[in-house]
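Let's take a friendly walk through a protein model, starting with the overall fold and ending with a few single residues. Keep the picture at hand as you read.

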Amino acid sequence: MLGKDVFNGIPMMILCVLAMIIVVIQPVLFLWLSWKHGKEMGIKTQDMKGCVHSSILFSIVPTLPVLINYLVLMPAFGEYFAWLRLSVMGNAAYETAVADMAATGLGFESVYDNNIDLQTFTTIMFVVTIAILGGAIFTMLFTKFYEKKVRTVATKVGGGKMIGLITTAMFVGMYSTLAAPHVTNVEKPRGIAAFIVAVAVTVVCTHISKRCKGLKQFTFTLSILAGMASASIISLF
């Protein structure tokens, strides 16, 4: 049995819907508790409604990259499991990287191989769900201690300025590691072209956003769309 026969099936849809119901219940419960506590504190209803409206507005923009990531993951994970991964605790860069490692390690060309069997897809599901819990467990147990030590060292070394430098370096290093196999693969120029176009769009949007502040929120989304569009155009030739 092929993996695609399973990840787009009704049982997978039911399992993902059950998990998503739990995900939706949590913010609804937090909203109800917060609203109740706000009443107890004497906050005006109009003020709380304004806060809710602002939160809804500023929550729309961050979901645009998530939608794009969903479209990227859907050919590999199917429409239901990709939806679940990005709605619970997922990231397209992590998902595709580790899933591709699992697929190639089991003898397939990539995670997008149409011949991936059920056993391989099950392994990929395990990797992108159970394996990712390591970061959450580490965060839960050690973040407070880690953050305290980092702030202490950073304050002593750079007077507090080292924190931004360290976190930026870690962020750039992580994404560089994930992007390197695609950017340096001359046999597949689409990845290189997408990277160059995305960087160019990011630079342009960053420059324009100095005058147009609203554009800054869409820079990441526009760079992804431009990179995907360039890869699609190249694939036509």
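How many helices and how many strands are there in the protein chain? The protein chain has nine helices and zero strands. Read from the N terminus on, its elements run α-α-α-α-α-α-α-α-α.

Please keep in mind that this is a predicted model. The mean pLDDT of the protein chain is 80, and 88% of its residues reach 70 or more. Confidence is lowest in helix H1, residues 4–7, where the mean is 74. It is highest in helix H2, residues 10–41, with a mean of 88.

**The chain as a whole**

The protein chain has 237 residues, and 24% of them are buried. What about contacts between residues with a separation of 6 or more? Of these contacts in the protein chain, 59% join residues 24 or more positions apart.

**A look at helix H2**

Helix H2 has 32 residues. From its first C-alpha to its last, H2 reaches 46 Å, close to the 46 Å expected at 1.5 Å a residue. Which residues in H2 are buried? Among them are Met12, Cys16 and Met20, and Gly38 in H2 is buried as well. Notice the numbering of those first three names as you read the next sentence. An α-helix has 3.6 residues a turn, so residues three or four places apart point the same way. Just after H2 comes Gly42, which takes a positive phi of about 85 degrees.

| Residue | Relative accessible area |
|---|---|
| Cys16 | 1% |
| Cys205 | 8% |
| Ser209 | 9% |

Cys16 counts as buried because its relative accessible area of 1% is under the 20% cut-off. Cys205 is buried too, because 8% is also under 20%. A disulfide is a covalent bond between the sulfur atoms of two cysteines. The structure holds zero disulfides.

Where is Ser209 placed? Ser209 lies in the loop between helix H8 (189–208) and helix H9 (219–235). Although Ser209 sits in a loop, this residue is buried because its relative accessible area of 9% is under 20%. Leaving aside residues up to four places away in sequence, Ser209 touches Leu215 and Lys216.

Notes:
Residues numbered from 1 in each chain as written. Predicted model: local features only at pLDDT ≥ 70, side-chain atom pairs only at ≥ 80, totals over all residues. Heavy atoms only, no water. Helix = DSSP H or I, 4+ residues; strand = E, 2+ residues; numbered from the N terminus. Buried < 20%, exposed > 50% of the residue type's maximum accessible area, 1.4 Å probe, protein only. Contact = heavy atoms within 4.5 Å. Disulfide = S-S within 2.5 Å. pLDDT = per-residue confidence, 0-100. Expected span 1.5 Å × (residues − 1).
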